Amino acid sequence: MAFSGALTLTDLNDFITPSQTCIKPVEQLNGLEDTKEPGAASTEIRIDSTGSYYEVSSHGSAQTAAVPKPAERKLQQAQISLNDCLACSGCITSAESVLITLQSHTEVLNFLEGNPPASSLLHKVPVLSVAPQSLASLAATLSSSSIAPVGLRQVLRRVQAFCTTVLGFEHIYDTTFARHVALLEHAQEYLERKRDKGKLPMLASACPGWICYAEKAHSEMLPFISRTKSPQQVMGTLVKSWLGRVWGKQPDQIYHVTVMPCYDKKLEASRQDFYNDVYSTRDVDCVITTGELELMMREKGWDLSVPVFGEDGPQSHENLALPELLPHPGTSSGSYLHSLMSAVTRACAEPLDLSVKTVRTSDYEEFVLRKQSNGAVVFKGAKCYGFRNLQNVVRKVGKEAGVRVGRGAAGRMMGERARGKKSGVEGGEEKGYDYVEVMACPGGCVNGGGQLRPIVRVSQNKDEEGYARDWQENGVQVPAEMEETGAEIPFQGPQWGNKEWTKEVEKAYWHALPALSLPRSVPNEIGADVADYLALRVKVDMCRPQNICQGSWDVRMDLEAEQRRRELFRTQYRAVENEVIGLAVKW
């Protein structure tokens with residue numbers, strides 16, 4: 001009997017085996033014999049009916065009326081940090097909010113309230129970086145109840161006004177320039193692999209959900225994953241190491257917060273690779289989601305739908321250090337594949353033709369660049385969003401690279417089946433992928449788990465699915481407008497991953513994306529190449545090459561400067577081994 005494709009993806013390890021070795025304490029009514037073994041501990045742990053733990057003397061287990069109750073000490077519950085969360089193998093595309101105690105909007109508010117004034121030596125400069133996907137989610141929500149669509153620049157201006165006047169942030173940026181630097185380094189890494197016969201296909205590394213999953217379930221894929229930092233972590237490097245130097249501040253004198261569309265970005269920021277041991281600080285101190293930012297606005301009474309002064313004008317003087325809302329072709333998840341294809345096209349002496357093929361849905365597409373002269377394939381890449389498509393790509397990459405993918409009988413069976421098939425096309429072997437843009441969420445980053453939920457319209461007596469509901473009986477506060485008129489009103493629904501809503505967020509992302517704005521420190525002749533110019537300036541300032549770099553980002557420097565470049569803009573990955581084996585489980 002043949003298994004379905006969904007069942008033969010891997011070894012069916014659902015990461016819950018440790019729970020089979022745990023037994024939840026229950027209340028025991030019958031008494032225990034007061035026997036003490038030689039060498040036994042003088043204290044024991046007692047659990048009351050509420051589940052609280054107490055340390056008591058072992059002599060007090062058998063109590064009588066003549067013997068007083070022994071002294072007991074209530075034990076504190078263990079706290080699980082984000083680093084511990086990375087080792088549990090339980091989360092893939094979203095992290096449990098219960099475990100994330102150091103990465104929340106409450107932590108941000110507590111810091112801002114306790115931050116000493118600027119005149120104090122202990123004052124830290126609060127900086128906020130907002131992902132464009134988060135701005136798109138806010139813009140789509142505002143546009144759903146507005147006559148005219150709201151653009152990313154308008155939302156950014158309103159967020160800047162809220163964070164500076166209400167919260168007290170001193171600098172607010174978007175992360176598009178950090179993404180531009182990441183794309184330049186990404187293309188450089190691919191060209192290095194191509195030149196030095198490195199591991200191909202190269203897989204994108206910007207999605208922490210995919211990285212977390214690969215480290216735990218598919219360590220054989222780690223050599224293929226790009227070492228380039230994600231835009232969030234590049235932004236952390238820019239803020240703490242480059243802008244901090246401009247402001248005359250050390251990395252530990254800056255508190256950097258990012259707003260991201262994904263919960264897994266919290267896990268990414270907590271990785272030890274992004275911790276500065278010299279200054280005891282992280283590149284990104286705290287990560288909040290789009291939903292948490294919107295919650296902060298509601299708690300502070302800020303109405304994001306109200307326009308602010310100058311929201312259609314150029315960026316303010318305080319934020320001129322970085323260009324904002326840089327436009328780009330390709331996808332709303334970073335355009336890693338399209339930027340790579342642009343680099344390949346520029347490097348090729350002959351003109352190339354691009355063909356696009358949809359494999360299953362728009363979340364899985366193949367892109368091929370061929371020479372116009374003879375049709376020879378120069379580059380073949382794919383865009384893969386969602387874990388169902390991701391598993392297919394992992395199998396395909398493993399098959400083409402000769403790497404065994406999957407463990408257990410299911411994985412071996414798939415390998416035998418794959419080896420039994422011919423991979424040729426019209427008598428010749430089909431060219432494998434050179435690059436794959438991988439994202440864990442279906443629809444990409446605009447559909448991240450931390451985004452605002454879809455806007456639905458419900459009436460006073462029916463929910464979004466059409467079922468009769470008594471809102472007050474269910475504890476839902478009904479707006480006065482609905483209670484008085486009974487008309488349908490829009491509000492955020494409970495569902496996540498709505499395809500129609502993802503299209504609306506995608507539309508808001510690309511709507512009226514502004515052109516490049518030119519900071520005053522850049523010569524006028526640079527024009528539209530302002531991002532490349534500033535990126536090259538960042539490279540020179542931070543890598544300190546012996547010879548001043550001229551030209552473009554991919555110009556090689558001396559060995560010491562290249563080493564600093566890799567330390568600043570690249571990272572590493574390591575396999576997370578599962579310590580629980582089948583023989584150790586108490587069945």
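In the predicted model, the charged end of lysine 539 is placed over the ring of tryptophan 553, at 5.7 Å from its centre.

The protein chain has a mean pLDDT of 77, and 69% of its residues reach 70 or more. The pLDDT falls below 50 over residues 86-99, a stretch that makes 32 contacts in the model beyond near neighbours in sequence. Residues 408-428 also have a pLDDT below 50, and 21 contacts beyond near neighbours in sequence are found for this stretch.

Aromatic rings form 6 pairs in the structure. In one of them, the ring centres of phenylalanine 162 and tryptophan 302 are 5.6 Å apart and the planes meet at 55°, so the pair is classed as tilted. This pair links distant parts of the chain, 140 residues apart: phenylalanine 162 belongs to helix α4 (residues 152-167), whereas tryptophan 302 is in the loop between α9 (290-299) and α10 (336-347). Phenylalanine 162 is buried, with a relative accessibility of 0%, while tryptophan 302 is partly exposed at 24% relative accessible area. Another pair consists of tyrosine 190 and phenylalanine 379, whose ring centres are 5.9 Å apart; because their planes stand at 80°, the pair is edge-to-face. Tyrosine 190 is part of helix α5 (residues 176-195) and phenylalanine 379 is part of strand β13 (residues 377-385), so this pair ties together parts 189 residues apart in sequence. Both tyrosine 190 and phenylalanine 379 are buried.

The structure contains 0 disulfides. A disulfide is a covalent bond between the sulfur atoms of two cysteines. For cysteine 441, the closest cysteine sulfur is that of cysteine 262, at 5.4 Å; this is too far for a bond, because the two sulfur atoms of a disulfide must lie within 2.5 Å. Cysteine 441 is buried, with a relative accessibility of 8%. Cysteine 163 is likewise buried, at 1% relative accessibility.

Strand β1 (residues 43-47) pairs with strand β2 (residues 53-57) in the antiparallel sense, over 5 bridges. Within this pairing, glutamate 44 is located opposite valine 56 of β2. The hairpin of β1 and β2 has 5 residues between the strands, and glycine 51 in this hairpin adopts a positive phi near 90°.

Several backbone features occur in loops. Most residues other than glycine have a negative phi, and most peptide bonds are trans. The peptide bond joining leucine 200 and proline 201 is cis, with omega at about 5°. Proline 201 is in the loop between α5 and β6 (202-203), and lysine 197 is also placed in the loop between α5 and β6. Although not a glycine, lysine 197 has a positive phi of about 60°. Lysine 197 is exposed, with a relative accessible area of 74%. A positive phi of about 60° is also found at serine 335, again not a glycine. Serine 335 is situated in the loop between α9 and α10. With a relative accessible area of 2%, serine 335 is buried, whereas lysine 197 is exposed.

Definitions and conventions: Residues numbered from 1 in each chain as written. Predicted model: local features only at pLDDT ≥ 70, side-chain atom pairs only at ≥ 80, totals over all residues. Heavy atoms only, no water. Buried < 20%, exposed > 50% of the residue type's maximum accessible area, 1.4 Å probe, protein only. Pairing = 2+ DSSP bridges. Helix = DSSP H or I, 4+ residues; strand = E, 2+ residues; numbered from the N terminus. pLDDT = per-residue confidence, 0-100. Contact = heavy atoms within 4.5 Å. Phe/Tyr/Trp six-rings, centres within 6.5 Å; stacked < 30°, edge-to-face > 60°. Lys NZ or Arg CZ within 6 Å of the ring centre and 35° of its normal.
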